[in-house]
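Please look through the structure below.

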Amino acid sequence: EHFSEKWNARGEALMRDAYLNGFLVPISEANRFQGSVPILYKESQFISNYIYEQYKKDGYDPVVDLFKKSSYQKFDKSLEEVTGLNLKEFDNEIFASLEKRYQGLRAKRDLTDYSKLVNNPEKGSQVILGSDREKSIFLTIRPLFQRHLLEINYWDGLKIVSKKITEDGYVGVNRLRTSGADIRDNKFVYVTDIGPADALIVQKYKLVDKKNLFGKEKKKFYLGKEKKYFWKNIREIYNPVFAGENQIAFIGMEDNFTNIYLYDFSKDQLTSLTRGLGQNFYSGLAYSSKYNVLVSAVESSSLDGDYNMDLMEFNLSSQTARVLFKTNENESNPQFSKDGKKLLYVSDKELTYNLYLLDYSASSVKKLTDARIGIFRGRWLNDKTIAFNSLNEMQFNLHIARLPGSIDLKNEELNPSVSNQK
């Protein structure tokens, strides 16, 4: 079971988080926490990988042998027969291995240390979904008891002004989709499950200055009426983005496969853009008004023969698609800057989630962060400021920071096949 997937950046982030925050579970105590601690699965996968690497021999798989022995005798006896160590000794060996692997992280500093933490960690995760890229207005979703709360927010440089949009189970909302949303030109779009199918919800908003009783001005949001769009043949909808004045692009699930769709409000016309490209899986979506292109991550075979997510461009003018560059890593969560010239995205290169910047005009990629645990969902607030999520104590925190300068990629810099578009 633990070899059904390779060790990946998600497992690495969880282990780093557990190590730095002191909630790794000793194998001798794992049975007390079974099913109640999310880290247990990845920790047990890490341990299985360790046993295999340390105790394998020609033609002998120690993990398979351990599982076989444990089917008819106690685990601690099986472990001792395979490794020669009792549970306590093996725990010490594992923790020594973890200390060697991760001890450098304790002194490491990253973008989270030079940013503003804007959510209250005691109230749980706050995940950023979309932003307007210009006026520091953005959408977030966070837990509310056993539900999710969707909010619109404004960052004035010191504090956040927020307003509730909706929540799960509220006025026909069965379940909010947490994969993405978009906001621009005084309107926003998000996705909710309405029962038979997912629906796009579009609303206008205003952010105005209101004076209180003491004459002090205060920002306040006003929301317009929602408009709902859904299609019975598209069961699930993800990552909607505005693609021009009268269009929304989104990823839709139909017949167990995803496609990128474009809906034109003025014509009430839905078009599948990628149906002719075969059966694919897409994730994340961004639109550039400068080049009239959409960018998504598409599953493809990697350079080492495995599968991963590469960034793909779909040109709305020529109706053509191409992979921007092939890597052995997973690229995700793309978002264009307001001028459409720069693409912010996440890559799990070297098993760590970091922010990267693709400059379309210069055809170059720069690494922006070197995360201690992982940095996720970078979103433009304006051309100099971004918001992003970090992982800490098994939850996502929300940060706001100046756009970081690039980290020298040396010979590792990617060479995207983006033409020099002016």
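## The largest pocket

The lining of the largest pocket divides into 18 nonpolar, 13 polar and 12 charged residues. Here Ala, Val, Leu, Ile, Met, Phe, Trp, Tyr, Cys and Pro count as nonpolar, Asp, Glu, Lys and Arg as charged, and the others, Gly among them, as polar. The pocket's volume is about 1400 Å³. Its lining has 43 residues, and Ala9, Arg10, Asn330, Asp348 and Tyr353 lie closest to the centre. Helix 1 (residues 9-21) gives the largest share of this lining, four residues.

This is a predicted model: local features need pLDDT of at least 70, side-chain atom pairs count only at pLDDT 80 or more, and totals for chains, interfaces and linings use all residues. Residues are numbered from 1 along each chain as its sequence is written, and side-chain values use heavy atoms, with hydrogens and water left out.

## Cavities

On a 1 Å grid over the protein atoms alone, a cavity is a set of points where a 1.4 Å probe fits but cannot get out; a pocket is an open set with protein on both sides within 12 Å along at least five of seven lines; lining residues have an atom within 4 Å of a point. Points are joined across faces, edges and corners, and a volume is the space filled by probe spheres set on them.

The whole structure holds three cavities of 30 Å³ or more. The largest cavity has about 130 Å³ of space. It is lined by 18 residues, with Leu129, Ala181, Val241, Leu285 and Arg379 nearest its centre. Seven of the lining residues are nonpolar, eight polar and three charged.

Four strands form an open antiparallel sheet in the order 2-3-4-5. Strand 2 and strand 5 (160-167) are the edges, each pairing on one side only. Pairing requires at least two DSSP bridges between two strands.

Strand 3 (residues 137-144) and strand 4 (residues 147-155) are joined by eight bridges. Thr140 has Glu151 in strand 4 as its bridge partner.

## The whole chain

The chain has six helices and 26 strands. Helices (H or I, at least four residues) and strands (E, at least two) are DSSP runs, numbered from the N terminus. The C-alpha trace spans about 70 × 55 × 50 Å along its principal axes. Buried residues, those under 20% relative accessible area (1.4 Å probe, protein chains only), make up 52% of the 422 residues.

How values were computed: Buried < 20%, exposed > 50% of the residue type's maximum accessible area, 1.4 Å probe, protein only.
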